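Subject: Structure handover and salt-bridge findings

Dear colleague,

Please find below the structure I am handing over to you. My notes on its charged side-chain pairs follow.

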Amino acid sequence: MNSTQFINFNGTSCVKLSAGGYEALVAYEIGSNVIRLRDNKNGVEFFRFKADNSADTIRQSAEVWGLPTLYLPNRFADGVLKASDAVYQLPVNEKAPYNNHIHGFIHKRVHEVVEHMADDNCAWVKTRYVYDENDEFFQYLPVKFIAEYTFTLSQYGLEQTIKFTNCSDKMLPMSLASHTTINSPFVDGGKEGDIRLTVPAGKKCELNDRCLPTERLKSLTMYDLEYKTGNKCPVLQDISNDMYTAEHTELDHEKFYGVIAEDIASGKKICYQVSDEYKFWIVWNDKGFNGYFCPEPMTAMIDAPNLSLPADVTGYCEVKPGDTYETHQRFFTKL
């Protein structure tokens, strides 16, 4: 029986979705973060999760639990964001030697539940965040918008739709990412050494010592090709911001736009599909020994609006007043 219900998870207000053998916890008061996604039938824990996590624990480091959505994601050099009609000075919240603005604000805000329902096919919840002068970040980025999230759970896994609507008379800078934390191991009883990650890497985006793009796109080395061939173990070694242009890979002999994590002992796979707006992947694992790894899809390069590369290379775009920008993601298991 598919269902939705409000629950309190260790002090965290959530909507619990149950459908198709999966269950999900959407923490709408912590940026609409999916703090848990589980395939109960196949014993797969998708995201980094601990049963005793408090709301404070998640809120203090909301980037590294569950499925946090970032706006504005990754780094902006010295906090500067050069839009087409303005230059914004964001707070520098990443200390020396980096001196960047990092990860924006929306993943830490209290969102509201607009609707939650279930039928014979699926369960879903819709959440929303209205960004205006009431947000403390508005002093840095005075461009009103509404962010709307829809999470749909079914036998096909979890689907996420994100919409940003520009409610101002200015251009809305658009760069969106998910700081997706995959549990390690993700199979019940599995071993971290059995995990392999496939990332359909095109070109390597070279980064400097401040983790900012040098604007050089490089051919793949043997190290990088391990992602493309599905032979990369994404844990038990330090992976720090491996960034690539996105291409297609294959799943069941069909084109697949996303990444695949496999437990090679059981053959169970986490499949992470994204829409065409996501043009880059960055892989990071918090030194590699903390029980998770992050394949992060990004619609635009790090520091994209400030680069000299053209927008069709960086992925940076702007949403016109009254217009809406939309992306999609889907998570599901394969045996």
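A salt bridge here is a side-chain nitrogen of Lys or Arg within 4 Å of a carboxyl oxygen of Asp or Glu. Please note that the model is predicted. By this rule, the count comes to 18 salt bridges.

One of them joins the side chains of Lys204 and Asp224, at 3.2 Å from N to O. This pair links distant parts of the chain, with Lys204 in strand 19 and Asp224 in helix 2 (residues 222-229), 20 residues apart. Lys204 counts as buried because its relative accessibility is 18%, and Asp224 counts as buried at 2%.

Arg210 and Asp78 also form a salt bridge, their closest N and O atoms being 3.1 Å apart. Arg210 lies in the loop between strand 19 (201-207) and strand 20 (213-218), and Asp78 in the loop between strand 7 (75-77) and strand 8 (80-82), so this pair ties together parts that are 132 residues apart in sequence. Arg210 is partly exposed, at 23% relative accessible area, and Asp78 is partly exposed, at 42%.

A further salt bridge, at 3.9 Å from N to O, connects Lys126 and Glu115. Lys126 belongs to strand 12 (residues 122-131) and Glu115 to strand 11 (residues 112-118), so the pair ties together parts that are eleven residues apart in sequence. Lys126 is partly exposed at 34% relative accessibility, and Glu115 is partly exposed at 29%.

Kind regards

Technical notes:
Residues numbered from 1 in each chain as written. Predicted model: local features only at pLDDT ≥ 70, side-chain atom pairs only at ≥ 80, totals over all residues. Heavy atoms only, no water. Helix = DSSP H or I, 4+ residues; strand = E, 2+ residues; numbered from the N terminus. Buried < 20%, exposed > 50% of the residue type's maximum accessible area, 1.4 Å probe, protein only.
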